[in-house]
Amino acid sequence: RVRGRRAPTEMEHSDADRKFSCKVCAACFKRPEHLKRHSKCLHELQRAFACPTVGCRKRFSRSDNQKCHTR
């Protein structure tokens with residue numbers, strides 16, 4: 001399974017479909033909750049989820065990322 005961003009293709013959504021744009025970095029999103037998640041994770045640097053492994057100090061802004069790290 002490949003993680004991260006995919007290379008854009010011709011079939012991707014156009015920028016016209018992406019009505020919600022980040023005021024910090026100009027990233028565009030189709031849904032407002034995706035913009036909210038982007039801002040929280042990248043620009044506000046909220047890291048509420050800590051790794052439960054003893055000695056590991058990593059923190060994550062999303063629980064799914066923390067669970068993946070722990071596995």
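**Questions on a predicted protein chain**

The accessible surface of the protein chain comes to about 6,400 Å², and 52% of this area belongs to carbon and sulfur atoms; such areas come from the Shrake-Rupley method with a 1.4 Å probe, and for residues only the protein chains shown count as cover. The model is predicted: local features need pLDDT of at least 70, side-chain atom pairs count only at pLDDT 80 or more, and totals for chains, interfaces and linings use all residues. Residues are numbered from 1 along each chain as its sequence is written, and side-chain values use heavy atoms, with hydrogens and water left out.

Colleague: How many disulfides does the structure hold?

Modeller: A disulfide is a pair of cysteine sulfur atoms within 2.5 Å. For C51, the closest cysteine sulfur is in C56 at 3.7 Å, too far for a bond. For C28, the closest is in C25 at 8.8 Å, also too far for a bond. The number of disulfides in the structure is 0.

Colleague: Is C51 buried or exposed?

Modeller: Buried means under 20% relative accessible area, exposed over 50%, and partly exposed in between (1.4 Å probe, protein chains only). The relative accessible area of C51 is 9%. C51 is therefore buried.

Colleague: Which residues does Q66 touch, not counting those up to four places away in sequence?

Modeller: Q66 lies in helix α2, which spans residues 63-70. With a relative accessible area of 12%, Q66 is buried. Contact means heavy atoms within 4.5 Å. Leaving out residues up to four places away in sequence, Q66 touches F49, A50, C51, P52 and F60.

Colleague: What is the phi of A26?

Modeller: Most residues other than glycine have a negative phi. A26 is found in the loop between β1 (20-21) and β2 (28-29), and its relative accessibility of 54% makes A26 exposed. Although A26 is not a glycine, its phi is positive, at about 65°.

Colleague: With which residue does R31 form a salt bridge?

Modeller: A salt bridge is a side-chain nitrogen of Lys or Arg within 4 Å of a carboxyl oxygen of Asp or Glu. R31 is partly exposed at 44% relative accessibility. The closest N and O atoms of its salt bridge are 2.6 Å apart, and the partner is E33.

Colleague: How many salt bridges does a search of the whole structure find?

Modeller: Besides the bridge of R31 with E33, R62 forms a salt bridge with D64, with the closest N and O atoms 2.6 Å apart. R62 is partly exposed at 26%, and D64 is partly exposed at 38%. The search of the whole structure finds a total of 2.

Methods. Helices (H or I, at least four residues) and strands (E, at least two) are DSSP runs, numbered from the N terminus.
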